[in-house]
Amino acid sequence: MTDFFISYTGVDESWAEWIGYVLEEAGFTTIIQAWDFRPGSNFILNMQTAASSADRTIMVLSPDYLKSQMAAPEWAAAFLQDPQAVENRLLPVMVRACQPSGMLAAIVQIRIHELEEPDAKKALLAGVNSKRAKPSNPPAFPGRPVAGIAHKDFPGTSAPAAAAPPAPRASIIPKLRQAPTDVDRRRFLKQGIETIRQTFEANLKQAAQDEPRLEPDFTAATSVDFTAELFLDGQSKCRTRIWLSSESRSESIAVQEGRASGNAMTEILYVSSEGDLSFSSTMPSGYNGDEQKFDLKHLSAEDAAAYLWQRFVRPLSY
């Protein structure tokens with residue numbers, strides 16, 4: 001039997017993968033859609049098998065999860081097996097602030113949404129541990145000392161004082177670089193397209209406020225596939241589609257400018273394999289002066305968003 005089935009919505013997939021990776025690194029087994037539901041398999045049957053074969057179900061809790069109609073049957077299956085939470089079969093892990101209601105409100109949550117990564121990892125592993133949460137060291141006395149009562153030494157035989165630990169030795173070599181893992185690269189890719197999506201949504205609204213002749217349109221097919229368009233005096237002037245693609249040699253951020261058919265691409269951003277994680281442009285125009293503002297082989301998520309926005313609004317200068 002698998003230890004954990006991780007239930008989540010598409011918006012929180014990066015959180016679900018982080019949780020799954022931390023748990024498997026700690027020796028647990030997990031079932032997660034992003035890793036275990038392969039192309040060609042039956043999604044409904046996979047969900048049924050995962051929910052019934054896992055010992056416990058983790059809910060990646062967020063406002064989107066609470067609104068999801070697809071997620072409800074997943075956590076309900078675990079709830080029905082343990083309605084009184086005697087076996088802790090249902091574990092809500094809150095990754096974004098929300099307010100569960102109804103039956104979910106009574107289940108104690110593992111909250112990691114406001115923690116730094118080391119503290120979040122510690123809280124997650126402590127939360128999934130079903131043992132009693134007694135601290136390993138005695139708590140400090142919460143009261144005030146009573147004046148006039150002297151401290152009494154322990155009358156028994158005291159153990160010899162432990163030797164002081166040796167002073168840390170300075171390292172004679174620099175810290176070795178560690179290549180990003182596949183999980184690191186995929187998380188960076190998803191964070192990148194989320195940054196680009198948010199930038200386009202905000203810039204479209206700002207453009208309409210700055211210039212009354214412009215009318216924006218933003219259409220999201222999924223959380224990782226959207227189309228942006230600007231109309232000037234009622235005529236379409238700028239249009240682009242941006243999506244997470246796996247059609248080429250590896251996963252990438254694909255761009256289609258104008259009204260090309262199918263999945264034709266006018267720009268592709270890959271995750272660079274050189275140095276720190278960054279995006280690398282493969283199809284720059286070469287004649288646009290704005291491109292010289294960017295290092296197109298080492299783009300941060302914010303730089304990638306700014307670069308693609310400059311390409312998008314370029315027709316306004318014609």
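Predicted model: local features only at pLDDT ≥ 70, side-chain atom pairs only at ≥ 80, totals over all residues.
Residues are numbered from 1 along each chain as its sequence is written, and side-chain values use heavy atoms, with hydrogens and water left out.

**Exercise 1.** Describe the packing of α1 and helix α6 by angle, axis distance, handedness and contact residues.

*Solution.* Step one is the geometry: the axes of α1 and α6 (residues 117–128) lie 11 Å apart at an angle of about 65°, where axes are lines fitted to C-alpha atoms, for helices over the stretch in contact, and angles run from 0 to 180 degrees between N-to-C directions. Helices here are DSSP runs of H or I with at least four residues, strands are runs of E with at least two, and both are numbered from the N terminus. Step two is the handedness: α1 passes α6 in a right-handed crossing, meaning that the near helix is turned clockwise from the far one by less than a right angle, with anticlockwise for left-handed. Step three is the contact (heavy atoms within 4.5 Å), in which Trp-18, Ile-19, Val-22, Leu-23 and Glu-25 of α1 meet residues of α6 including Leu-124 and Leu-125. By class, eight of the contact residues are nonpolar, none polar and three charged; Ala, Val, Leu, Ile, Met, Phe, Trp, Tyr, Cys and Pro count as nonpolar, Asp, Glu, Lys and Arg as charged, and the others, Gly among them, as polar.

**Exercise 2.** Determine how α1 and α7 are oriented to each other, and which residues make their contact.

*Solution.* The axes of α1 and α7 come within 10 Å and cross at roughly 160°, and the two helices are therefore roughly antiparallel. Their crossing is left-handed. From α1 the contact takes Glu-13, Ser-14, Glu-17, Trp-18 and Tyr-21, and from α7 Val-183, Arg-186, Arg-187 and Lys-190. These residues divide into three nonpolar, one polar and five charged.

**Exercise 3.** Carry out the corresponding analysis for α7 and helix α8 (residues 301–313).

*Solution.* With axes that come within 9 Å and cross at roughly 45°, α7 and α8 are therefore oblique to each other. The crossing is right-handed, and the contact residues include Ile-196 and Phe-200 of α7 and Leu-308 and Trp-309 of α8. Nine of the residues in this contact are nonpolar, four polar and one charged.

How values were computed:
Parallel < 35°, antiparallel > 145°, perpendicular 65-115°, else oblique.
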